[in-house]
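Please look at the sequence and the 3D structure below before reading on.

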Amino acid sequence: MRNAFHDDLDQLSNQLVGLAELAGSALAVATRALIDGDVELAATVIAGDARLDALRADLETHAVDLLARQAPVASDLRAVVTALRMASDLERMGDLARHVAKVARRRHPRTAVPPELVPTMTAMGQVAAQMVAKTAAVIATKNLAQAAELDHDDDAMDALHRQLYAALLAPSAQYPTDVAVDLALIGRYYERYGDHAVSVARRVVYLVTGRYATTPSA
């Protein structure tokens with residue numbers, strides 16, 4: 001009976017990894033759509049969000065079924081409840097990728113990102129890709145050292161976010177209001193994406209140690 005239960009917990013972990021991988025793919029494609037002004041790529045991200053939502057719903061159904069059938073306690077209960085919370089973070093990451101894609105679609109046939117800001121936006125996409133890949137690995141391996149790295153990765157995302165805002169607020173900047181608003185929103189989407197990745201890492205630390213730290217390394 002307990003072996004079957006732990007197999008179910010492994011399945012929850014695998015579902016979470018799948019959610020992380022989908023969220024990562026969604027933002028990678030949305031970033032390309034944003035920078036290239038590719039409305040077809042943007043449309044695939046927007047449509048594909050339904051799959052991520054469906055996977056989260058499947059995970060929640062599975063978790064609730066485990067709670068009802070097994071009435072887990074202590075660390076087993078913590079594993080199920082933590083999986084539900086991580087699924088919420090990962091689903092939100094997918095939503096943020098969809099928001100980025102919607103900006104790309106709205107600006108078509110123009111690109112949403114002016115040429116001089118493409119390096120910053122590209123870097124934000126690269127940091128996000130690194131973070132979500134690490135998130136998936138942390139979920140799978142429960143590696144606390146790797147979980148701690150995500151907090152430092154998020155510092156890099158925050159720095160890029162500040163860099164973007166500095167460019168928008170520079171005295172020499174003369175972006176039209178609608179462009180500036182879109183860029184501010186996009187920067188926030190990437191920054192929040194990184195925050196959710198850190199939240200997942202902290203939940204893995206809680207799962208392993210029973211302590212929810214303010215940083216994964218605490």
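This is a predicted model: local features need pLDDT of at least 70, side-chain atom pairs count only at pLDDT 80 or more; totals for chains, interfaces and linings use all residues.

## Helix α3 against helix α6

Two packed helices are described by the angle between their axes and the distance between the axes. Helix α3, which covers residues 74-107, packs against helix α6, residues 177-209, at an angle of about 165 degrees, and their axes are 9 Å apart. Because an angle over 145 degrees counts as roughly antiparallel, α3 is roughly antiparallel to α6.

The crossing of these two helices, α3 and α6, is left-handed. Sorted by class, the residues in the contact of α3 with α6 are 18 nonpolar, 4 polar and 10 charged.

## Helix α5 against helix α6

Helix α5 also packs with α6 at an angle of about 165 degrees, with 9 Å between their axes, and that angle makes α5 roughly antiparallel to α6. The crossing in which α5 passes α6 is left-handed, and the contact of α5 with α6 has 17 nonpolar, 4 polar and 7 charged residues.

## The largest nonpolar core

In soluble globular proteins, nonpolar side chains tend to be buried together. In this model the largest nonpolar core has 68 residues, and Leu16, Leu34, Ile139 and Tyr190 are those with the most contacts inside it. The elements that give two or more residues to this core are α1 (2-36), α2 (39-70), α3, α4 (118-141), α5 (144-169) and α6, with the largest share, 15 residues, coming from α1.

Leaving aside neighbours within four places in sequence, Ile139 is in contact with Ser13, Leu16, Val17, Ala20, Met86, Leu90, Val200 and Val204.

Methods: Residues are numbered from 1 along each chain as its sequence is written. Side-chain values use heavy atoms; hydrogens and water are left out. Axes are lines fitted to C-alpha atoms, for helices over the stretch in contact, and angles run from 0 to 180 degrees between N-to-C directions. Helices (H or I, at least four residues) and strands (E, at least two) are DSSP runs, numbered from the N terminus. Angles under 35 degrees count as roughly parallel, over 145 as roughly antiparallel, 65 to 115 as roughly perpendicular and the rest as oblique. A crossing is left-handed if the near helix is turned anticlockwise from the far one by less than a right angle, and right-handed if clockwise. Ala, Val, Leu, Ile, Met, Phe, Trp, Tyr, Cys and Pro count as nonpolar, Asp, Glu, Lys and Arg as charged, and the others, Gly among them, as polar. A nonpolar core is a set of buried Ala, Val, Leu, Ile, Met, Phe, Trp, Tyr and Cys residues joined through side-chain atoms within 4.5 Å. Buried means under 20% relative accessible area, exposed over 50%, partly exposed in between (1.4 Å probe, protein chains only). Contact means heavy atoms within 4.5 Å.
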